[in-house]
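User: I would like to learn how to read the packing and the charge pairs in a model like this one. Could you take me through the features one at a time?

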Amino acid sequence: MSYTMTEQELSKLVADKMHRLTSTANKITKDWHEAEDAAQQGGIKAFRYMDKFRGDCKPYSWVTRIVVNEAKRIADNRNRRPPNDDVPVDVVDSSGDMAHPESPEAVAEMLDLEAVISEAMQTMQ
């Protein structure tokens, strides 16, 4: 069976199934906001490449495939990003320890904090 689709039908399909498309993308991205992005980008790509729709599957299946590919792309790109919790290089000294702040007040606060932590750890032993 061969399927056809007009721009209006595609627009209605994407609008009506946006939540379902987002849910599908969320299974891949594991992040609702990224899943929404994937579903929206998938809908845009479906419009952009509508002339490539061959009609050998249902329009919803075709749009879902586009959204799945977008979700995979987003997840792959996220996994390639450096972690946000890294310590900047200029905060660590050559020994690998955290560098002390420059001001005397900050150094005093750091020493006080170290003393409190050390005392607390000794009471735990």
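This is a predicted model: local features need pLDDT of at least 70, side-chain atom pairs count only at pLDDT 80 or more; totals for chains, interfaces and linings use all residues.

User: How should I read a nonpolar core, and which residues touch the most other members of the largest one here?

Analyst: In soluble globular proteins, nonpolar side chains tend to be buried together. Here the largest nonpolar core holds 19 residues, and Leu10, Trp62 and Val63 touch the most other members. Helix 1, helix 2 (32-48) and helix 3 (59-80) each give two or more residues to this core, with helix 3 supplying the largest share, seven residues. Setting aside residues up to four places away in sequence, leucine 10 touches Met5, Ala46, Phe47, Met50 and Val63.

User: What aromatic pair does a search of the whole structure find, and is tryptophan 62 buried or exposed?

Analyst: The search finds one aromatic pair, formed by phenylalanine 53 and tryptophan 62, whose ring centres are 5.1 Å apart and whose planes lie at 55°, which makes the pair tilted. Tryptophan 62 is buried because its relative accessible area of 15% falls under the 20% cut-off, and phenylalanine 53, at 13% relative accessibility, counts as buried too.

User: Where is threonine 22, and what does its side chain reach?

Analyst: Threonine 22 belongs to helix 1 (residues 7-29) and is buried, with a relative accessible area of 3%. Its side chain reaches the backbone oxygen of methionine 18 at 2.8 Å, while its contacts, leaving aside neighbours within four places in sequence, are with Trp32, Ala35, Glu36 and Ala39.

User: How do I read salt bridges, and how many does a search of the whole structure find?

Analyst: Side chains of opposite charge can pair when their charged atoms come close. The search finds five salt bridges, one of which joins lysine 12 to aspartate 16, with the closest N and O atoms 2.7 Å apart. Both of these residues lie in helix 1, four residues apart, about one turn of the helix, and both are exposed.

How values were computed:
Residues are numbered from 1 along each chain as its sequence is written. Side-chain values use heavy atoms; hydrogens and water are left out. Rings of Phe, Tyr and Trp (its six-membered ring) pair if their centres lie within 6.5 Å; planes under 30 degrees apart count as stacked, over 60 as edge-to-face and the rest as tilted. Buried means under 20% relative accessible area, exposed over 50%, partly exposed in between (1.4 Å probe, protein chains only). A polar contact is a pair of N or O atoms within 3.5 Å; within protein, one must be able to donate a hydrogen and the other to accept it, and residues adjacent in sequence count only if both atoms are side-chain atoms. Contact means heavy atoms within 4.5 Å. A nonpolar core is a set of buried Ala, Val, Leu, Ile, Met, Phe, Trp, Tyr and Cys residues joined through side-chain atoms within 4.5 Å. A salt bridge is a side-chain nitrogen of Lys or Arg within 4 Å of a carboxyl oxygen of Asp or Glu.
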